[in-house]
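Thanks for coming, everyone. Let me put the model on the screen, and then I'll walk you through it.

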Amino acid sequence: NIFKRSLKQNYLISLIQEINAKVVITHIDNSPDFYVVSKELENKISFMAVQRANRETRWLPINKTKKINIPNYFCFSEYDKDIYKRKKTTVKNFHIIGSLRAGLSLDYIKSQKLKINENEYDICLVGEPQYRMDGDGAQIKLLPYSVGTHAEFAHRFCRKYNLKLIFAGSSLKNTEEYYKEYDFYKKYLFNYDFEYLPVEPYKYSSYLRVLKSKVTIGCSSTLLREALTFNKKIFCCNFTGHSDDNYEIFINDDFILRQDSYDLFEKKLLKILSINNAEYQKKFNNEKNYLMPSSDKAIKIIQENISKHLN
């Protein structure tokens, strides 16, 4: 098979066969290696993939998405299921579980007996600078501008109204990625003395910051969707004008900003802050569960399925 598959894929297939595994599971659900290996061995072994983030599947052409092969997909929601079906992927079994990491964060809070003050911060601003050059959003030319501009709007708003803002980074402290992210935001926040907080390993810090805030603001971050599983308010700011399918089209117009206007940003955010959480959640109706259902049983569903396949 040396000319049929890559050396790595051949190695993985041989290794899995040598181990004599009954179940193969990954949290890298967009791995081309997983697609190839699972297709080769799925008649003998159970393969499972757990969705980790919003996926580029919604943007890719069908000639690429047809190569996706996932025998058992533990995905966020019906929204993701519909995308994978529409894009002609080969997913044999869908399991709707919400977000595994969001569910584990709730277990962490419970195990550590943490007390969460849901009004500790007014705004949680989600860091998304990984899109600035490459990756899933490379084809969306205005994505860096959108991410940087709404970050400046959020800081301007909080300074004007003397509100508490927590800036949730997406990388570990003192890493090369962290400094690149900080430099990205420095271009847009040069007038502000901002603090870009790194991820704290094994402490679910990003989720705790969302839970401690009244409103979470972002552009296309997975964390923005995951905030919905906690029944938290979100404000989506997408100035890209991109026509490809995205989850923000299901968000109530009161909770999304598509024009890069600070005046509109201020008007909408003031309204979101003024209404109580029950009223906010009511405006989502069924769309919230369609985008991100409860995640508190995610790990249990995965464990039960692994046991089923092992037996």
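This is a predicted model: local features need pLDDT of at least 70, side-chain atom pairs count only at pLDDT 80 or more; totals for chains, interfaces and linings use all residues.

**Salt bridges and helix packing**

Start at arginine 5. With 11% relative accessibility, arginine 5 counts as buried, where buried means under 20% relative accessible area, exposed over 50%, and partly exposed in between, using a 1.4 Å probe and protein chains only. Before going on, some housekeeping. By salt bridge I mean a side-chain nitrogen of Lys or Arg within 4 Å of a carboxyl oxygen of Asp or Glu. Arginine 5 lies in the segment before helix 1, and glutamate 40 lies in helix 2 (residues 32-41), so the pair ties together parts that are 35 residues apart in sequence. Helices here are DSSP runs of H or I with at least four residues, strands are runs of E with at least two, and both are numbered from the N terminus. Glutamate 40 is partly exposed, at 39% relative accessibility.

Stay with helix 2. Which of its residues are buried? They are Asp33, Phe34, Tyr35, Val37, Ser38 and Leu41. Their cover includes helix 1, strand 1 (23-26), strand 2 (46-50) and strand 3 (69-75).

Helix 1 (residues 7-19) also holds tyrosine 11. That tyrosine 11 is exposed, at 52% relative accessibility. Tyr11, Leu15 and Ile19 make a nonpolar surface patch of about 320 Å². The patch rule: residues with over 30% relative accessible area and no salt bridge, with like charges joined within 9 Å and nonpolar side chains (Val, Leu, Ile, Met, Phe, Trp, Tyr) within 5 Å. Areas come from the Shrake-Rupley method with a 1.4 Å probe, and for residues only the protein chains shown count as cover.

Now helix 10, residues 262-274. Helix 10 has 13 residues and reaches 18 Å from its first C-alpha to its last, close to the 18 Å expected at 1.5 Å a residue. That expected span is 1.5 Å times one less than the number of residues. Tyr262, Phe265, Glu266, Leu269 and Ile272 are buried in helix 10. They cover an arc of only 130 degrees around the axis, which puts them on the same side of helix 10. The arc is taken from the directions from the helix axis to the C-beta atoms. The general rule behind this: an α-helix has 3.6 residues a turn, so residues three or four places apart point the same way.

What do the buried residues of helix 10 pack against? Strand 5 (121-126), helix 6, strand 8 (213-218), strand 9 (233-237), strand 10 (256-257) and helix 11 (277-284). Contact means heavy atoms within 4.5 Å. The face turned away from the buried side of helix 10 carries the exposed residues Asp263, Lys267 and Ser274.

Glutamate 266 has a relative accessible area of 12%. Glutamate 266 forms a salt bridge with lysine 160, with the closest N and O atoms 3.1 Å apart. Glutamate 266 lies in helix 10 and lysine 160 in helix 6, so the pair ties together parts that are 106 residues apart in sequence. Lysine 160 is exposed, at 52% relative accessibility.

How many salt bridges does the structure hold? The total is 13. Another of them joins aspartate 253 to arginine 258, with the closest N and O atoms 3.6 Å apart. Aspartate 253 is exposed at 51%, and arginine 258 is partly exposed at 41%. Salt bridges that share partners also join Asp254, Lys271 and Lys283 into one network.

Next, backbone angles. Most residues other than glycine have a negative phi. Asparagine 162 has a positive one, near 55 degrees. Asparagine 162 sits in the loop between helix 6 (143-161) and strand 6 (165-172), and is exposed, with a relative accessible area of 71%. Tyrosine 204 also has a positive phi, near 50 degrees. Tyrosine 204 lies in the loop between strand 7 (197-199) and helix 8 (205-211), and is partly exposed, at 26%.

Last stop, strand 6. Serine 171 lies there. Is serine 171 buried or exposed? Buried, with a relative accessible area of 4%. Leaving aside neighbours within four places in sequence, serine 171 contacts Glu177, Tyr178, Glu181, Pro198 and Val199. The C-alpha atoms of serine 171 and isoleucine 272 are separated by 29 Å, and the two residues are 101 apart along the chain.

Key
Residues are numbered from 1 along each chain as its sequence is written. Side-chain values use heavy atoms; hydrogens and water are left out.
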